[in-house]
Amino acid sequence: MTSQVSSPAEQADGAEGAVVGEQRTPRAPGGKEVRRLDRVIIRFAGDSGDGMQLTGDRFTSETASFGNDLSTLPNFPAEIRAPAGTLPGVSSFQLHFADHDILTPGDAPNVLVAMNPAALKANIADVPRGAEIIINTDEFTKRPMAKVGYETSPLEDGSLGAYNIHPVPLTTLTVEALKDFGLSRKEAERSKNMFALGLLSWMYHRPTEGTENFLRQKFAKKPDIAEANVAAFRAGWNFGETTEDFAVSYEVAPATRAFPTGTYRNISGNLALSYGLITASRQADLPLYLGSYPITPASDILHELSKHKNFGVRTFQAEDEIAGIGAALGAAFGGALGVTTTSGPGVALKSETIGLAVSLELPLLIVDIQRGGPSTGLPTKTEQADLLQAMYGRNGEAPVPIVAPRTPADCFDAAIDAARIALTYRTPVFLLSDGYLANGSEPWRIPDVADLPDLKVQFASGPNQRLADGTEVFWPFKRDPQTLARPWAVPGTPGLEHRIGGIEKQDGTGNISYDPANHDFMVRTRQAKIDGIRVPDLDVDDPDGARTLVLGWGSTYGPITAAVRRLRAAATPVAQAHLRHLNPFPRNLGEVLKRYDKVVVPEMNLGQLATLIRAKYLVDAQSYTQVNGMPFKAEQLAKVLEEAIND
Amino acid sequence: MTEVTDAPHLLSLVPKAEAKQSMKDFKSDQEVRWCPGCGDYAVLAAVQGFMPELGLAKENIVFVSGIGCSSRFPYYMNTYGMHSTHGRAPAIATGLATSRRDLSVWVVTGDGDALSIGGNHLIHALRRNVNLKILLFNNRIYGLTKGQYSPTSEVGKITKSTPMGSLDAPFNPVSLALGAEATFVARTVDSDRKHLTEVLRAAADHQGTALVEIYQNCNIFNDGAFEVLKDNAQAQEAVIRLEHGQPIRFGTDGHKGVVRDHGTGELEVVDVTPENESRILVHDAHGAGPTTAFALSRLADPHTLHQTPIGVFRSVERPVYDTLMAEQLDQAVDAKGKGDLSTLLAGSDTWTVVG
């Protein structure tokens with residue numbers, strides 16, 4: 001661990017979003033100075049066609065294998081290729097990496113890579129004064145600048161005076177580096193993102209082997225393109241090494257102390273969720289059946305699962321959202337672990353079938369990767385505004401358990417937990433992730449398979465009821481007295497032939513029943529089953545005996561925790577609790593809420609969790625909300641919490 | 001692609017019954033609650049009567065239905081069954097059939113269920129050729145909601161919701177199914193037990209999706225809709241019985257026949273004469289293209305139902321979705337080995353933190 005000059009907050013516990021601590025340690029190689037940093041936030045920004053997501057992914061991979069803690073925020077438009085060079089077409093990738101434990105992709109970049117004027121214009125407001133900006137000067141010609149409303153060149157008009165500007169003719173240098181490859185100028189230009197990646201990799205001492213291997217694998221069928229990209233990547237590295245403009249490079253030591261012993265990999269939320277589903281299927285010893293219709297930002301789960309057919313995973317790309325969940329439910333009736341993946345608009349379409357699953361009492365997972373709404377909303381941006389849809393969005397009294405992961409890697413455990421509930425209680429379960437978790441990534445300690453929970457279920461195998469005349473029969477709605485779950489009798493089991501449907505059923509026999517008292521009983525029983533689901537008590541982190549509690553759920557965990565660290569570092573006590581289970585709530589939630597004078601609930605919606613807890617616990621929870629499609633920033637949250645505490 | 005002809009018949013994947021079955025074995029203990037006189041009774045009896053012939057273990061048979069009068073059908077079959085939501089039975093059955101090839105999966109639906117609210121699922125099941133047997137009870141009316149016109153009702157139908165007559169042109173379910181790439185399409189009539197059973201037999205034997213349109217009388221809201229096909233006096237002239245390999249003739253003593261106009265390619269009905277007898281079309285249900293089957297489906301007058309063909313329009317072999325899906329799983333295991341969870345979770349890019 002290097003000793004560092006840093007803010008008091010960081011010295012305390014590595015809070016985020018404050019000034020970057022650094023230490024000058026002049027070193028020899030290339031005669032250039034090397035400085036040590038404890039953390040850095042880099043944002044790559046360019047046109048949708050510039051390959052910024054790939055560049056970010058590669059830098060992330062290099063950083064992960066180097067052993068830093070990291071957190072990422074890809075941010076891209078819904079259009080595949082918006083008109084080139086325009087503001088709506090800007091795509092960016094922010095990466096925060098550190099020598100210590102971090103929780104968010106960072107509030108503001110220390111380094112911005114702007115591949116064109118649109119990228120500069122769209123991102124400059126987020127860049128703090130004094131930060132470094134690497135600008136591709138080749139694109140700062142009259143027309144591209146005019147397209148985004150620059151009347152004079154920001155490189156020359158002094159408007160960037162507060163920043164540390166590195167003007168680099170990235171395109172020209174890339175084309176020059178590739179002149180022996182026999183590529184057209186246009187083809188050669190396409191490697192400029194790799195040149196930029198090479199330069200940044202030099203600046204931050206990233207290992208390069210992984211990227212070179214990656215490029216050779218990605219372009220295995222076009223070896224000349226592979227070599228051109230490798231050459232551009234190396235040229236970028238060498239440019240940093242030799243040019244006078246880059247006098248300093250930086251080291252961010254591995255975050256060894258932040259991580260418990262183990263083997264790690266970098267993982268995105270959607271990938272972790274996919275692995276969680278496969279794992280749940282393995283642990284339950286049931287085949288996984290995914291019925292899904294493509295929708296952003298959930299499609300990557302369909303893509304991922306379709307690659308793993310050798311795990312017995314069946315993926316069915318249905319004709320629509322309704323058929324996606326229908327097929328999953330049909331497979332569940334047949335004894336599979338049925339899953340459907342979607343986003344908010346898809347949930348709306350699936351609602352009726354979710355109600356059917358509630359009525360049939362079959363296990364089913366509904367994965368909702370929330371995005372901005374209503375309607376089509378903001379397909380590629382994040383939001384938490386489907387909570388009430390998941391909670392109440394069906395006809396009749398149709399309670400469905402809700403599980404929400406808190407970080408990208410946590411999607412793995414949350415998926416297994418959701419499967420556990422579905423299988424144990426024979427119920428559809430919502431898994432509420434969001435676009436920020438789905439596409440963001442962080443290091444994940446790879447679990448030992450031997451430590452994973454056992455999810456095995458017992459199918460019904462024989463009669464479960466003796467009639468008055470002594471006949472042994474099977475009652476599909478005779479419940480387990482502990483869990484209130486009904487038996488899961490799968491077709492192919494002799495003697496248990498039975499019919500189930502969405503019409504109200506008589507308790508026990510499952511026969512159609514319109515009896516008023518029976519309906520009242522069944523509605524209350526289905527509710528009682530969900531209310532009785534065992535979920536762990538809510539943990540409260542409150543080292544200082546605070547009087548204000550900040551309560552969150554889902555992907556706000558990172559920003560809330562970072563904000564809480566800041567407050568505590570400034571000697572402001574605050575308690576924090578984060579819900580994984582939104583339905584049912586942990587049993588101690590009411591008691592926890594009553595312990596505090598104030599409860600603040602930050603959410604990326606207009607106060608949906610706050611509404612639920614106010615209604616259920618009569619607590620005057622204070623809602624703090626943001627619906628701009630982006631995660632909270634730690635600094636801003638800390639300010640709001642501080643105001644609430646001092647109010 | 002699967003060599004359909006060389007593979008074992010898909011029915012062989014479904015376990016056989018240990019003992020001989022009777023119709024009684026397929027009757028559930030539930031009281032049948034259709035209106036007295038409903039055509040559904042006849043279809044239920046025909047299906048229950050036919051099932052023992054298949055000789056399948058009844059626990060491996062599943063009936064899935066949507067919503068509507070006919071969709072109560074599963075409750076009366078002593079097999080596994082699911083009464084689902086309106087129009088979605090083909091989707092739900094697809095999930096079941098593709099994950100459990102040891103089951104014989106039947107879908108029971110109606111004209112509103114299959115062709116209105118569930119039209120999308122029907123056409124996609126057909127194009128995929130999922131191993132489902134779909135029984136479409138067509139009574140050309142909405143019964144359970146008490147008498148609105150349906151997507152198969154004739155234009156100008158006076159109903160509760162169309163007091164001045166319905167405006168929309170009806171679907172012809174057979175034409176629709178053929179257009180949706182169906183591999184098996186047949187039509188039969190509720191009251192003709194023998195014909196209905198023959199069609200069920202052919203459908204059960206078909207590998208892939210079989211669509212059976214059953215003209216079914218709703219004696220409450222659309223009574224007599226198919227009378228012209230049932231009344232002895234009229235049926236001779238109205239019904240065209242399709243039999244594979246036989247000339248398509250109908251009417252008293254077969255005095256009418258179907259010929260192709262070589263100029264337009266269209267089919268037309270002619271009075272059979274010694275001169276044109278050799279030109280009478282011989283029904284080929286297994287023909288490679290769907291064109292002739294489609295043309296046959298257009299012979300009926302949607303209003304009067306004169307010249308209505310019944311029987312198997314088309315029955316061809318095409319790879320079955322369930323089989324292809326299972327084969328991809330096998331191929332993946334062959335290529336990559338059975339999935340190993342530890343290897344999957346570890347991936348290829350890891351680092352280790354030691355204490």
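Domain bounds here come from an automatic or database domain assignment. With that in mind, start with chain B. Chain B is split into domain 1 (10–241 + 285–346) and domain 2 (247–282).

A word on ground rules. This is a predicted model: local features need pLDDT of at least 70, side-chain atom pairs count only at pLDDT 80 or more, and totals for chains, interfaces and linings use all residues. Residues are numbered from 1 along each chain as its sequence is written, while chains are lettered from A and ligands numbered from 1 in the order in which they are written.

How confident is the predictor? pLDDT is its confidence in each residue, from 0 to 100. Chain B has a mean pLDDT of 96, and 98% of its residues reach 70 or more. For the model, ipTM is 0.97 and pTM is 0.93.

Back to the two domains of chain B. The C-alpha centres of domain 1 and domain 2 of chain B are 30 Å apart. Their contact takes nine residues from domain 1 of chain B and seven residues from domain 2 of chain B. Contact means that two C-beta atoms, placed from the backbone, lie within 7 Å. On the domain 1 side, α8 (232–238), β9 (239–242) and α9 (291–297) of chain B give two or more residues. Those labels are DSSP runs numbered from the N terminus: helices are H or I, at least four residues, and strands are E, at least two. β9(B) gives the most to that side, with three residues. By class, the domain 1 side has five nonpolar, two polar and two charged residues. Nonpolar covers Ala, Val, Leu, Ile, Met, Phe, Trp, Tyr, Cys and Pro; charged covers Asp, Glu, Lys and Arg; the others, Gly among them, are polar.

One record to mention. UniProt, in an unreviewed entry, lists residues 67–214 of chain B as "domain: Thiamine pyrophosphate enzyme TPP-binding". UniProt positions follow the numbering used here, feature names are shortened, and annotations may be inferred rather than shown by experiment. Over residues 67–214 of chain B, the chain is 32% helix and 22% strand. The end C-alpha atoms of that stretch are 17 Å apart.

Now, where do the chains meet? In total, 53 residues of chain B are in contact with 59 residues of chain A. Several elements of chain B each supply at least two residues to its side, among them β2 (80–83), α4 (119–128) and α10 (321–336). α2(B) gives the most, with eight residues. The chain B side divides into 22 nonpolar, 23 polar and eight charged.

Next, chain A. It is divided into domain 1 (39–258), domain 2 (264–451) and domain 3 (548–646). The C-alpha centres of domain 1 and domain 2 of chain A lie 34 Å apart. Their contact takes 13 residues from domain 1 of chain A and nine residues from domain 2 of chain A. On the domain 1 side, α2 (52–66) and β4 (69–75) of chain A each supply at least two residues. β4(A) gives the most to that side, with six residues.

Last, one helix pair. Helix α5 (residues 170–177) and helix α7 (residues 192–203) of chain A pack at an angle of about 100 degrees, with their axes 9 Å apart. That makes α5(A) roughly perpendicular to α7(A). Axes are lines fitted to C-alpha atoms, for helices over the stretch in contact, and angles run from 0 to 180 degrees between N-to-C directions. Roughly perpendicular is 65 to 115 degrees. Leu170(A), Thr171(A), Leu173(A) and Thr174(A) in α5(A) meet Lys192(A), Phe195(A) and Ala196(A) in α7(A). Those contact residues divide into four nonpolar, two polar and one charged.

Definitions and conventions: pLDDT = per-residue confidence, 0-100. Parallel < 35°, antiparallel > 145°, perpendicular 65-115°, else oblique.
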